[in-house]
Amino acid sequence: MCLFPKGANWGLEEFADKAGYDILGLDWVHEPAVARRRVGDRVVLQGNLDPNVLYGGREAIETEVKKMAEGFKVDGSPVRWIANLGHGITPGVDPDDLKWFFECVHKYSAASS
């Protein structure tokens with residue numbers, strides 16, 4: 001089961017330990033590294049790139065995807081996570097920039113495993 005506790009990041013530990021969820025989705029205001037420190041490897045984390053990054057160009061996309069992938073590690077070691085764009089793809093995103101996002105996710109998630 002997956003839970004997206006939008007605005008309820010304060011309860012990540014409880015959601016991970018007592019609520020029985022397998023996956024916790026993070027909105028883009030919560031740093032993956034902070035969430036990972038709080039829940040360890042007890043649950044899969046999903047998230048959490050701000051979709052507006054897709055308007056920033058390839059360098060910004062790659063920088064943020066790399067930061068996101070690194071943030072989901074535990075003690076420098078990779079654990080399972082799911083890449084996600086905050087609330088989804090917004091109108092006006094260049095399909096080539098979206099493709100670049102996917103390529104960067106593959107690149108940095110492979111580097112993480």
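A residue is called buried when its relative accessible area is under 20%, exposed when over 50%, and partly exposed in between, using a 1.4 Å probe and protein chains only. By this scale C2, at 45% relative accessibility, counts as partly exposed, whereas C104, at 1%, counts as buried. The structure holds zero disulfides, a disulfide being a pair of cysteine sulfur atoms within 2.5 Å.

The model is predicted, so local features need pLDDT of at least 70 and side-chain atom pairs count only at pLDDT 80 or more, while totals for chains, interfaces and linings use all residues. Residues are numbered from 1 along each chain as its sequence is written, and side-chain values use heavy atoms, with hydrogens and water left out.

In soluble globular proteins, nonpolar side chains tend to be buried together. A nonpolar core is here a set of buried Ala, Val, Leu, Ile, Met, Phe, Trp, Tyr and Cys residues joined through side-chain atoms within 4.5 Å. The largest such core has 28 residues, of which L24, L45, L49, L54, I61, V65 and F101 touch the most other members. At least two core residues come from each of α1 (12-17), α2 (32-39), β3 (44-49), α3 (58-71), β4 (81-85) and α4 (95-112). Helices (H or I, at least four residues) and strands (E, at least two) are DSSP runs numbered from the N terminus. The greatest contribution to this core is that of α4, with six residues.

Helix α3 has 14 residues and reaches 20 Å from its first C-alpha to its last, close to the 20 Å expected at 1.5 Å a residue; the expected span is 1.5 Å times one less than the number of residues. Within α3, the buried residues are I61, E62, V65, M68, A69 and G71. Beyond its neighbours within four places in sequence, I61 is in contact with V53, L54, D97, W100 and F101, contact meaning heavy atoms within 4.5 Å.

The structure also holds three aromatic pairs. Rings of Phe, Tyr and Trp (its six-membered ring) pair if their centres lie within 6.5 Å; planes under 30 degrees apart count as stacked, over 60 as edge-to-face and the rest as tilted. F72 and W81 are stacked, at 4.8 Å centre to centre with 15° between the planes, and both residues are buried. The rings of F101 and F102 lie 5.5 Å apart at their centres with planes at 55°, so this pair is tilted. F101 is buried at 3% relative accessible area, but F102 is partly exposed at 42%.
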